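Colleague: I'm new to this one. Can you put it on screen and walk me through it?

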Amino acid sequence: MQHIANVAGCSRQYVHQVVGGTRRKPGPSATSRLREFVKTHPKALTTKARGGMSLREIAAKLGVRPDVVGRAWRSLNLPDRREYTLSPSERAHRSYERNKERRRIAMYAWRAQNPDKERAIRLRAVQRLRSKVLRRERCVVCRRAFAWTQGQEARRKGRGQRIVCSVRCGILAGIRSRSTNPTRIPSVRVAGQRSDTRTARK
Ligand SMILES: [Zn+2]
């Protein structure tokens, strides 16, 4: 090599490139094959996670090593694959989707084995939801401002609970509405059912 370089008057590296290059030439052929491959397989441009192909798969198709594909990819100026990688939330969602069936089965199995704990957890969750403060309200009876919770809101929507701060104010409000709205009394008495009382109060 050195001799050829000396005779030709060029560097040894150049001789390597010309002579040695033509002998192995995995680089150029891999590059041109990759160029053809992405033309015929456009989905190979995106990553596996985006419905495309992994470099490893492309390499297997071309019969070369993945790092050779990586170099050829850059030399062809193909789209940067990093922009197709998943965000942390996307990865978390896919992980959830992959494992949710297994987790669901495990959860039911645990529930069946620990009914008391399951019940306690469920009651705590309901209690937490009910005690969540939605806003400040003013009692319609005593005018006192108080915290209005999710549980009270549910009872207001479901059975027409009045906006009152206490049981005492609730009773007073009931008496007051019956005395100020005498038209409501007959409907309650005729029906004689609590459910009608509730609807009448709405
Ligand atoms: Zn009150």
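Predicted model: local features only at pLDDT ≥ 70, side-chain atom pairs only at ≥ 80, totals over all residues.

Colleague: What should the 16 residues of helix α7 span at 1.5 Å a residue, and how far apart are its end C-alpha atoms?
Modeller: Helix α7 covers residues 115-130 and should span 22 Å. Its end C-alpha atoms are 22 Å apart, so the two agree. The expected span is 1.5 Å times one less than the number of residues. Helices here are DSSP runs of H or I with at least four residues, strands are runs of E with at least two, and both are numbered from the N terminus.

Colleague: How many residues of α7 are buried?
Modeller: Zero of its 16 residues, so α7 is hardly covered. Buried means 20 or more other C-beta atoms within 10 Å of a residue's own; exposed means 12 or fewer, and partly exposed is in between, with C-beta atoms placed from the backbone.

Colleague: What is the mean pLDDT?
Modeller: The mean is 83, and 84% of the residues reach 70 or more. pLDDT is the predictor's confidence in each residue, from 0 to 100. Over residues 185-202 it is below 50. Beyond near neighbours in sequence, that stretch has twelve contacts in the model. A contact means two C-beta atoms, placed from the backbone, within 7 Å.

Colleague: How many helices and strands are there?
Modeller: Eleven helices and two strands. From the N terminus the order is α-α-α-α-α-α-α-β-β-α-α-α-α.

Colleague: At what angle do α4 and α5 pack?
Modeller: About 100°, with their axes 8 Å apart. Helix α4 is residues 55-62 and helix α5 is residues 66-75. Axes are lines fitted to C-alpha atoms, for helices over the stretch in contact, and angles run from 0 to 180 degrees between N-to-C directions. The two helices are therefore roughly perpendicular. That label covers 65 to 115 degrees; under 35 is roughly parallel, over 145 roughly antiparallel, and the rest oblique.

Colleague: Which residues meet there?
Modeller: From α4, L55, R56, I58, A59 and L62. From α5, P66, V68, V69 and G70. They divide into seven nonpolar, one polar and one charged. Nonpolar covers Ala, Val, Leu, Ile, Met, Phe, Trp, Tyr, Cys and Pro; charged covers Asp, Glu, Lys and Arg; the others, Gly among them, are polar.

Colleague: New topic. What is the phi of N77?
Modeller: Near 60°, a positive value in a residue other than glycine. N77 sits in the loop between α5 and α6. N77 counts as exposed because it has 7 C-beta neighbours inside 10 Å.

Colleague: And where is R143?
Modeller: In the loop between β1 (133-138) and β2 (145-149). R143 also has a positive phi, about 65°, and is not a glycine. With 9 C-beta neighbours inside 10 Å, R143 counts as exposed.

Definitions and conventions. Residues numbered from 1 in each chain as written.
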